[in-house]
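I opened a new notebook page for this protein. I wanted to look up its strands, its surface and a few of its residues.

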Amino acid sequence: MTLPGRRLAAVDRDGALVIFEIAASGLRVAARYGGVASPDGPPVVVRLDHAQTGVVLVAPDGRLLVWSDDGALRGYDVGGPLSSATAPTPITFEDRVSHDLLAVAQDGAVVLIGGLAAGGPRAVARLDARALRDARITVADLDGDGAIEAVVLSDVTDRHPPRRPPRFSWTRPGRRASA
């Protein structure tokens, strides 16, 4: 992910968060935090307050990790473990300086995480969506009303059971088939 100040953030296959600086001579490793993140969920750039950006990602144990411009990497229990197979999705509300996050919990719930600007992120809302553990949350104005909606892939539910296909019996040519 691209960060302000000519920097990049990445997670390697061993779960190390690596912050690169882009210089005229190439890339330079500015910081490396070994084995802290899940290699399955990418880092995501967020606005922490009006002047500071950061990176959020999920630890293998489901804690939310927040890296800030000052070089600090902090882990937070947001009220339940998050899925380490995906990444939080930043969202912006009109009255907020910082981003809030939507994330998939390990149990398939979708959680709204607030408090990034205050330095204490926590789940402020939760919806049992039966989301797949590796589902990415997409946010957009889907119906043109100006409000954002979120979409996430979920598991099959019994709320709308699949219809049984109709049965047909076939007869000889020239005769009608019945359903």
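**Entry 1: the elements.** I began with a term: strands here are DSSP runs of E, at least two residues long, and they are numbered from the N terminus. I also noted that the model is predicted. Then I read off the order of elements. From the N terminus on, it goes β-β-β-β-β-β-β-β-β-β-β-β-β-β. The count came to 14 strands and 0 helices.

**Entry 2: the whole protein.** I looked up burial next. Of the 179 residues, 35% are buried. I then turned to contacts between residues at least 6 apart in sequence. Of these, 35% join residues at least 24 apart.

**Entry 3: strand β7.** I picked β7, which covers residues 64-68. How many of its residues are buried? I found 5 of the 5, so the strand is largely enclosed by the rest of the structure. Leu64, Val66 and Ser68 point one way from β7. Leu65 and Trp67 point the other way. Residues on both sides of β7 are buried.

**Entry 4: the partners of β7.** Which strands pair with β7? I started with β6, residues 53-58. It pairs with β7 in the antiparallel sense, over 5 bridges.

I moved on to β8, residues 73-76. β7 and β8 also pair in the antiparallel sense, here over 4 bridges. Val66 has Arg74 of β8 as its bridge partner. I logged a hairpin for this pair as well, with 4 residues between the strands. Gly71 in this turn has a positive phi of about 90 degrees.

**Entry 5: Thr89.** I went to strand β9, residues 89-91, where Thr89 is found. Is Thr89 buried or exposed? I recalled that buried means under 20% relative accessible area. Thr89 has 12% relative accessibility, so it counts as buried.

I then asked which residues Thr89 touches, leaving out those up to four places away in sequence. I listed Asp100, Leu101, Leu102, Ile137 and Val139. I looked again at Ile137. Its backbone oxygen lies 3.0 Å from a polar atom of the Thr89 side chain.

How values were computed
Residues are numbered from 1 along each chain as its sequence is written. This is a predicted model: local features need pLDDT of at least 70, side-chain atom pairs count only at pLDDT 80 or more; totals for chains, interfaces and linings use all residues. Side-chain values use heavy atoms; hydrogens and water are left out. Buried means under 20% relative accessible area, exposed over 50%, partly exposed in between (1.4 Å probe, protein chains only). Contact means heavy atoms within 4.5 Å. A polar contact is a pair of N or O atoms within 3.5 Å; within protein, one must be able to donate a hydrogen and the other to accept it, and residues adjacent in sequence count only if both atoms are side-chain atoms. Two strands pair if DSSP finds at least two bridges between them.
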